[in-house]
Amino acid sequence: MQTRHPFLYQVLALIVTVMWGFNYISTKALFLHGLGPFGLLALKLALAWGVLVLIAPKWLFSDSPHHEVMFALLGLTYVPLYHGLESLAIYHGQVSSVAAIMASAPLMTAAIAVMGVKRVRVHWTMWLGVATATTGVLLILIDTAVINSLSMLGCFLALGGALAWAIYAMFLKSFAGYPPSFIMRKAMGYGLLVILPIAYTEGSITTETLTDPFVLGNLAFLSFGVMVLAAVLWIRITHELGSDAIAGWNYLVPILASIVAVAGLHESLTFIGVMGMLMILGGVWAGQVGAKRISAAFALADAVPTQ
């Protein structure tokens with residue numbers, strides 16, 4: 001069923017895209033104000049989890065002990081692995097490089113999905129996407145280490161974060177029968193149990209830091225804006241328009257983050273870095289086209305009656 005207000009939902013998709021782009025900027029800015037990667041992660045997740053406790057269904061546990069274990073594993077993948085590696089990547093690397101490499105997550109998701117299907121012939125556009133995105137990552141590594149003489153640690157952490165997101169996205173399909181807010185509450189809750197001890201090792205955050213209006217504003221944006229509002233809006237937009245109609249907005253996230261990082265954080269972005277980012281985005285697009293064609297081929301094969 002087609003929505004009556006497609007333009008409105010496209011505008012909302014743009015707003016969510018802008019919020020995701022500024023997520024990188026806001027996170028880096030808080031690091032520059034003295035917060036540590038896991039301390040910040042624990043704070044914003046705790047605040048977001050508190051909101052979800054209020055708005056999510058009030059069930060304490062899932063339908064079965066098996067599902068509860070699955071939720072714990074989902075939280076481990078979502079918080080310490082995906083968010084933890086992304087936070088460390090932003091802490092140690094440039095926003096522009098991290099955002100570009102993290103954009104490869106959909107391609108990794110599609111590749112894992114295809115590899116999980118036996119006796120499937122991978123479409124050539126999938127191989128093209130993987131080769132193009134890999135070349136883009138190599139260009140960003142060259143831009144980071146050779147041209148800008150910076151550590152490549154942030155880039156490698158971003159690759160790990162993108163892979164963690166791909167695993168999380170595949171794992172998430174196991175919870176189709178639960179409301180999205182309940183899934184997010186459970187994943188964040190279990191993830192927090194792992195993150196809090198790690199955050200404690202970074203040392204305490206001073207009262208002066210926590211009462212700084214700049215820190216409070218950015219923390220509120222990351223917690224309530226990005227982790228709750230943007231996530232809920234994107235689920236609603238996807239339901240109304242379909243994922244294909246809004247997929248193009250995802251390509252703007254690293255571009256927006258890079259522009260603001262160069263202008264506001266005074267990061268260095270060379271022509272090589274720009275080419276690397278564009279090649280990653282082009283590779284993601286080609287890989288997703290290949291994945292769709294593989295899915296279409298399977299649908300056609302399923303429609304053919306067998307003897």
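**View 1. A nonpolar surface patch of about 560 Å².** In this predicted model, Val69, Leu73, Leu76, Leu81, Leu193, Val194 and Ile198 make up the patch. Helix H3 (65-92) and helix H8 (180-200) are the elements that give it two or more residues, and H3 gives the most, with four. Patch members have over 30% relative accessible area (Shrake-Rupley, 1.4 Å probe, only the protein chains shown as cover). Helices are DSSP runs (H or I, at least four residues), numbered from the N terminus.

**View 2. Valine 194 on helix H8.** Here's one of the patch residues up close. Valine 194 counts as partly exposed because its relative accessible area is 32%, between buried (under 20%) and exposed (over 50%).

**View 3. The second largest pocket, with about 270 Å³ of space.** Leu107, Met108, Ala111, Val130 and Thr134 are the closest to its centre of the 14 lining residues. Helix H5 (105-115) and helix H6 (124-147) are the elements that give two or more residues to the lining; H6 has the largest share, six residues. A pocket is an open set of points on a 1 Å grid where a 1.4 Å probe fits, with protein on both sides within 12 Å along at least five of seven lines; lining residues have an atom within 4 Å of a point.

**Notes.** Residues are numbered from 1 along each chain, and side-chain values use heavy atoms, leaving out hydrogens and water. Local features need pLDDT of at least 70 and side-chain atom pairs 80 or more, while totals for chains, interfaces and linings use all residues.

Definitions and conventions
Patches are made of residues with over 30% relative accessible area and no salt bridge: like charges are joined within 9 Å, nonpolar side chains (Val, Leu, Ile, Met, Phe, Trp, Tyr) within 5 Å. A salt bridge is a side-chain nitrogen of Lys or Arg within 4 Å of a carboxyl oxygen of Asp or Glu. Buried means under 20% relative accessible area, exposed over 50%, partly exposed in between (1.4 Å probe, protein chains only). Grid points are joined across faces, edges and corners, and a volume is the space filled by probe spheres set on the points.
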